[in-house]
Amino acid sequence: MKALRKILGVVVLLLAILFAATAVVWALHKQGAMPTVAVLEPHLAHLRDAAWWLVAVCGAAALFWLISALSLLRNTRQAFVPFLAG
């Protein structure tokens, strides 16, 4: 059972890292600090037009999943509630 918790912890940790990177790249793109490829410019317009609260929700989900992953890796009991919150 401990091995399963470790595997799930690593998977949730990777998910948290992915969402945190997404939030950072999204925020940088909204501020204009991210270089873009001209071919992708029509698709990236949706990212620029999105509200800032969506970026904050993405970052909050990453934070909750990070808490859940650390809880799984440390073998504490409260890993499911932060995962659901994320």
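Modeller: This is a predicted model. Its largest nonpolar core has seven residues: Val12, Ala16, Ala61, Trp65, Ala69, Leu72 and Ala79.

Colleague: What makes these residues a nonpolar core?

Modeller: A nonpolar core is a set of buried residues of kinds such as Ala, Val, Leu and Trp, joined through side-chain atoms within 4.5 Å. Val12, Ala16, Ala61, Trp65, Ala69, Leu72 and Ala79 make up such a set. At least two residues of this core come from α1 (2-31), and at least two from α3 (52-73).

Colleague: Which helix gives the most to this core?

Modeller: That is α3, with four residues. For an example of the contacts, take Val12: leaving out residues up to four places away in sequence, Val12 touches Trp65, Ser68, Ala69, Leu72 and Phe83. There is also a second, separate core of six residues, among them Ala23, Ala27, Ala50 and Cys58.

Colleague: How many aromatic pairs does a search of the whole structure find?

Modeller: The search finds two.

Colleague: Why is the pair of Phe19 and Trp65 called edge-to-face?

Modeller: Two rings pair if their centres lie within 6.5 Å, and planes over 60 degrees apart count as edge-to-face. The ring centres of Phe19 and Trp65 are 4.8 Å apart and the planes are at 85°, so this pair is edge-to-face. Phe19 is in helix α1 and Trp65 in helix α3, so the pair ties together parts 46 residues apart in sequence.

Colleague: Why is Trp65 called buried, and why is Phe19 called partly exposed?

Modeller: Buried means under 20% relative accessible area, exposed means over 50%, and partly exposed is in between. Trp65 has 10%, so Trp65 is buried. Phe19 has 27%, so Phe19 counts as partly exposed.

Colleague: What kind of pair do Trp65 and Phe83 form?

Modeller: A tilted one, with 6.1 Å from centre to centre and 35° between the planes. Planes under 30 degrees apart count as stacked, over 60 as edge-to-face and the rest as tilted. Trp65 is in helix α3 and Phe83 in helix α4 (residues 80-85), so this pair ties together parts 18 residues apart in sequence. Phe83 has a relative accessible area of 34%, so Phe83 is partly exposed.

Colleague: What lies over the face of Trp52?

Modeller: Lys30 does, at 5.1 Å from the ring centre. The distance cut-off for a charge over a ring is 6 Å.

Colleague: How do you know that the span of α3 agrees with what its 22 residues should give?

Modeller: The expected span is 1.5 Å times one less than the number of residues. For the 22 residues of α3 this gives 32 Å, and the end C-alpha atoms are 32 Å apart, so the two agree. Just after α3, Asn75 takes a positive phi of about 60°.

Colleague: Against what do the buried residues of α3 pack?

Modeller: They pack against α1 and α4. The buried residues of α3 include Val55, Cys58, Ala62 and Ser71.

Colleague: Why is Ser71 called buried?

Modeller: Its relative accessible area is 7%, and the cut-off is under 20%, so Ser71 is buried. Not counting residues up to four places away in sequence, Ser71 touches Arg5, Thr76, Gln78 and Ala79.

Colleague: Gly59 is in helix α3 too. Why is Gly59 called partly exposed?

Modeller: Gly59 has a relative accessible area of 29%, which falls between 20% and 50%, so Gly59 is partly exposed. From C-alpha to C-alpha, Gly59 and Ala21 are 8.8 Å apart in space, while they are 38 residues apart in sequence.

Colleague: And the whole protein: what does its secondary structure come to?

Modeller: Four helices and zero strands.

Colleague: How do you know that the protein is more spread out than a compact globule?

Modeller: The globule rule gives 12 Å for 86 residues, and the radius of gyration is 16 Å, well over that, so the protein is more spread out than a compact globule. Along the principal axes, the C-alpha atoms fill a box of roughly 50 × 25 × 15 Å. Of the 86 residues, 24% are buried.

Terms used
Residues numbered from 1 in each chain as written. Predicted model: local features only at pLDDT ≥ 70, side-chain atom pairs only at ≥ 80, totals over all residues. Heavy atoms only, no water. Buried < 20%, exposed > 50% of the residue type's maximum accessible area, 1.4 Å probe, protein only. Contact = heavy atoms within 4.5 Å. Phe/Tyr/Trp six-rings, centres within 6.5 Å; stacked < 30°, edge-to-face > 60°. Lys NZ or Arg CZ within 6 Å of the ring centre and 35° of its normal. Rg over C-alpha atoms; globule rule 2.2 N^0.38 Å.
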